Amino acid sequence: PERGVKAISKIPLFGYINDIAIGPKARFCIAAVGQEPRLGRWERIAKSKNRFAIIQLRSDDEKELDDVDDSNDVDDSNDVDDSND
């Protein structure tokens, strides 16, 4: 199998992406967008605004499928086989 990072979509954000956080179960992403890079003032995008961008990664339909999959994940390791009694 081929390894690496592959772009599956593009999200238009104007400015420097200074931080990214992924929400629980990867349903959304929060990106900190700024006029300047976080670690220095080498350049500046004056028309950009310092803000947070909330990006939906998965829809509610996909959430429902995950909930069904999670409910089917039953740990059978503690079950005792009583058929030999």
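1. At 51% relative accessibility, Arg-44 counts as exposed; the classes are buried for under 20% relative accessible area, exposed for over 50% and partly exposed in between, with a 1.4 Å probe and protein chains only. Arg-44 forms a salt bridge with Glu-36, and the closest N and O atoms are 3.9 Å apart. A salt bridge here is a side-chain nitrogen of Lys or Arg within 4 Å of a carboxyl oxygen of Asp or Glu.

2. The model is predicted: local features need pLDDT of at least 70, side-chain atom pairs count only at pLDDT 80 or more, and totals for chains, interfaces and linings use all residues. Residues are numbered from 1 along each chain as its sequence is written, and side-chain values use heavy atoms, with hydrogens and water left out.

3. The salt-bridge count comes to two. Arg-41 is exposed at 70% relative accessibility, whereas Glu-36 is partly exposed, with a relative accessible area of 23%. Through shared partners, Glu-36, Arg-41 and Arg-44 are joined into one network. Side chains of opposite charge can pair when their charged atoms come close.

4. On the fold: the protein chain holds one helix and three strands, and from the N terminus on the elements run β-β-β-α. Helices (H or I, at least four residues) and strands (E, at least two) are DSSP runs numbered from the N terminus. Buried residues make up 15% of the 85 residues in the protein chain.

5. The three strands form an open sheet in the order S1-S2-S3, with antiparallel pairing; two strands pair if DSSP finds at least two bridges between them. Strand S1 (16-22) and strand S3 (51-56) stand at the edges with a single partner strand each, so one side of each is left without a neighbour in the sheet. Neighbouring strands of this sheet are turned by 25° against each other on average, direction ignored. For such angles, axes are lines fitted to C-alpha atoms, for helices over the stretch in contact, and the angles run from 0 to 180 degrees between N-to-C directions.

6. How are the strands joined? S1 and S2 pair in the antiparallel sense over six bridges. Ile-17 stands opposite Val-33 in S2, and Ile-20 stands opposite Ala-31 in S2. Strand S2 (residues 28-34) is also joined to S3 by six bridges, again antiparallel. Here Phe-28 stands opposite Gln-56 in S3, and Ala-31 has Ala-53 as its bridge partner in S3. Strands of a sheet pair through backbone hydrogen bonds, either parallel or antiparallel.

7. Is S2 mostly covered or mostly open? S2 is mostly covered, as five of its seven residues are buried.

8. The turn between S1 and S2 deserves a look. S1 and S2 form a hairpin with five residues between them. Lys-25 lies in the loop between S1 and S2 and has a positive phi near 60°; Lys-25 is partly exposed at 42% relative accessibility. Ala-26 lies in the loop between S1 and S2 as well, with a positive phi near 55° and a relative accessible area of 31%, which counts as partly exposed. Most residues other than glycine have a negative phi.

9. Which residues line the largest pocket? The lining consists of Lys-6, Ala-7, Ile-8, Ser-9, Ile-11 and Leu-57. A pocket is an open set of points on a 1 Å grid over the protein atoms alone, where a 1.4 Å probe fits, with protein on both sides within 12 Å along at least five of seven lines; lining residues have an atom within 4 Å of a point. The volume of the largest pocket is about 160 Å³, a volume being the space filled by probe spheres set on the points, with grid points joined across faces, edges and corners. The lining divides into four nonpolar residues, one polar and one charged. In this scheme Ala, Val, Leu, Ile, Met, Phe, Trp, Tyr, Cys and Pro count as nonpolar, Asp, Glu, Lys and Arg as charged, and the others, Gly among them, as polar.
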